[in-house]
Amino acid sequence: MTLPAQCDDFDVKNGIIDGPTPPKSELKALYKQSFAYYTFRVRLPSSLATIAAALVKDKDELVAEYGADAGADIEETAAAVTELRQNILNNGPLLPFKGKETDTKEWNAFLENIDKEKRNYFSTCWLYAECYMYRKISDIFQSTKSLASYDYFGNQKKTAAKLSLDAMLAVARATRNTTRDGDTFRQLIKLNLWGNRCDLSITSGKQIKPTGNAFEQVTSLEPKLLIDNTLQIWQAIDGGSKDGIVDIIFDNAGYELYTDLILAEYIIDKGLASKVRFNSKAIPWFISDVMAHDYHWTLQFMADHEDKVLSELGKKLQRFTEEGKFELSPLEHFWTSPYEFYRMQEVKPELYKRLQEAQLVIFKGDLNYRKLLGDYSWPDTEAFETCLRGFRPSNLCTLRTVKADLICGLPEGISQELFAKDKEWMLTGEYGIISFAKRT
């Protein structure tokens, strides 16, 4: 992590502690040697600068699509995003939202419960502050007359899918004649895991192109898979009802979404469940997270492709959607709230009950992992079940390439070995984990 020069004045003014996050405490940007500090000093300001610059660059295109009135909105929005960037760099306060969106009251109640002296970007929990920033961006766009429906991350997500085309074609051809067995399912779960490497929020929007033979990579990456509970996942789904439901909590659009669809196709085709429900984000979120329109765009992108195999696959998955075998769950703002998942039963009991209907819930990616664990510096050997803090609506698993400095469930001594090789091993996405917890 390369930090900006001349941090000293900022650090002194804001009480920054020049050390790592203490054990068994909340992750915060307050600790200079944490990834949270780097995130708020470098990564998020970079992402905001990209949004503001893109608005200016794409102004003519946006005016053509949203009308002449959008011109003034674009200028005001770019200025507001730039102001938000400066507020973060100044460690500004997390102010209440004033809009009329359906989650405004919930967000403001959450903010009110944070101690006032900790209600800023560097003093509160990293999870809360980062979610707040993305919700604040949405608030800026929602306050305009013409840009409220604009997905300001949309072009990046479409580009990510197009860059993945070679890998998508190879995976489509390799998965047309599969059998129902544990080995195949476990390979597809691992393929889905490594698709999580393509995360634009980690690279501040810089594109990553998947290359090489995906299934050969799954085999070659086996030493990088630190926790492999794929056998337990297979046993849970293979022993379930063929009329059951599997929920997938989406992470990234692009190639990762494609591997979600490949896994879901296998689940339906092999009679492991009768329905796969997909849970998308209600607002543009962490740059590359899947919204409902990304799902439909991806299926259409596949269906329209000149390659017959990919086109037929896209049309097949569109039929699955029409027939209800694939289902996009109703928009749920809990997924874009700051709440950790162990609070779901209290805050959104109807969502918890819906997840209880599933025989397996698959949580994708780093942010969902952070919400499962709660942005807390657990001992790296702590049991996954303990870290869930009672969140056990169903059999659940998490597929995550490691891109933040929190983890649990590792065998004794593994993290020490990895730190000896690379002190930033937890930030690179080079390593993966697949953890599982049974329904209680």
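Cys131 is buried, with a relative accessible area of 0%, in what is a predicted model rather than an experimental one. Cys397 likewise counts as buried, at 0% relative accessibility.

**Cysteines**

How many disulfides does a search of the whole structure find? The search finds 0 disulfides. Cys131 takes part in none, and the nearest cysteine sulfur, which belongs to Cys125, is 8.8 Å away. Cys397 is also in no disulfide, since the nearest cysteine sulfur, that of Cys408, is 14 Å away, whereas a disulfide needs a pair of cysteine sulfur atoms within 2.5 Å.

**Aromatic rings**

A pair of aromatic rings is described by the distance of the centres and the angle of the planes. With ring centres required to lie within 6.5 Å, the count for this structure comes to 40 aromatic pairs. Two of these pairs are set out below.

| Pair | Distance between centres | Angle between planes | Arrangement |
|---|---|---|---|
| Phe10 and Phe122 | 4.9 Å | 65° | edge-to-face |
| Trp107 and Phe110 | 6.4 Å | 70° | edge-to-face |

Planes over 60 degrees apart count as edge-to-face, which is why the pair of Phe10 and Phe122, at 65°, is given that name. Phe10 lies in helix H1 (residues 8–13), while Phe122 lies in the loop between helix H5 (104–112) and helix H6 (126–142), so this pair ties together parts that are 112 residues apart in sequence. Both Phe10 and Phe122 are buried. The other pair sits within one helix, because Trp107 and Phe110 are 3 residues apart in helix H5 and are therefore separated by about one helical turn. An α-helix has 3.6 residues a turn, so residues three or four places apart point the same way. Both Trp107 and Phe110 are buried.

Charged side chains also lie over ring faces. Arg41 lies over the face of Phe10, at 4.1 Å from the ring centre, and Arg389 lies over the face of Tyr376, at 5.8 Å from the ring centre.

**Packing of helices**

Two packed helices are described by the angle between their axes and the distance between the axes. Helix H2 (residues 35–57) and H6 pack at an angle of about 10°, with axes that are 11 Å apart, and H2 and H6 are therefore roughly parallel to each other. On the side of H2 the residues making the contact include Phe35, Phe40, Leu44 and Leu48, and on the side of H6 they include Trp126, Met133, Tyr134 and Phe141.

A second example involves helix H8 (residues 165–174), in which Leu165, Ala167, Met168, Leu169, Val171 and Ala172 are buried. Which helices are included in what covers the buried residues of H8? Among them are helix H7 (154–163), helix H9 (182–194), helix H12 (255–269) and helix H14 (308–323). H8 and H14 pack at an angle of about 80°, with their axes 9 Å apart, and this angle makes H8 roughly perpendicular to H14. Leu165, Leu169, Ala172 and Arg173 of H8 make this contact with Val309, Leu310 and Leu313 of H14.

**An exposed residue**

Is Asp60, which has a relative accessible area of 66%, buried or exposed? Asp60 is exposed, because exposed means over 50% relative accessible area and the value for Asp60 is 66%. Asp60 is found in helix H3 (residues 59–66). Asp60 and Lys421 are 361 residues apart in sequence, and their C-alpha atoms are 49 Å apart in space.

Notes. Residues are numbered from 1 along each chain as its sequence is written. Side-chain values use heavy atoms; hydrogens and water are left out. Rings of Phe, Tyr and Trp (its six-membered ring) pair if their centres lie within 6.5 Å; planes under 30 degrees apart count as stacked, over 60 as edge-to-face and the rest as tilted. Helices (H or I, at least four residues) and strands (E, at least two) are DSSP runs, numbered from the N terminus. Buried means under 20% relative accessible area, exposed over 50%, partly exposed in between (1.4 Å probe, protein chains only). A charge sits over a ring if NZ of Lys or CZ of Arg is within 6 Å of the ring centre and within 35 degrees of the ring normal. Axes are lines fitted to C-alpha atoms, for helices over the stretch in contact, and angles run from 0 to 180 degrees between N-to-C directions. Angles under 35 degrees count as roughly parallel, over 145 as roughly antiparallel, 65 to 115 as roughly perpendicular and the rest as oblique. Contact means heavy atoms within 4.5 Å.
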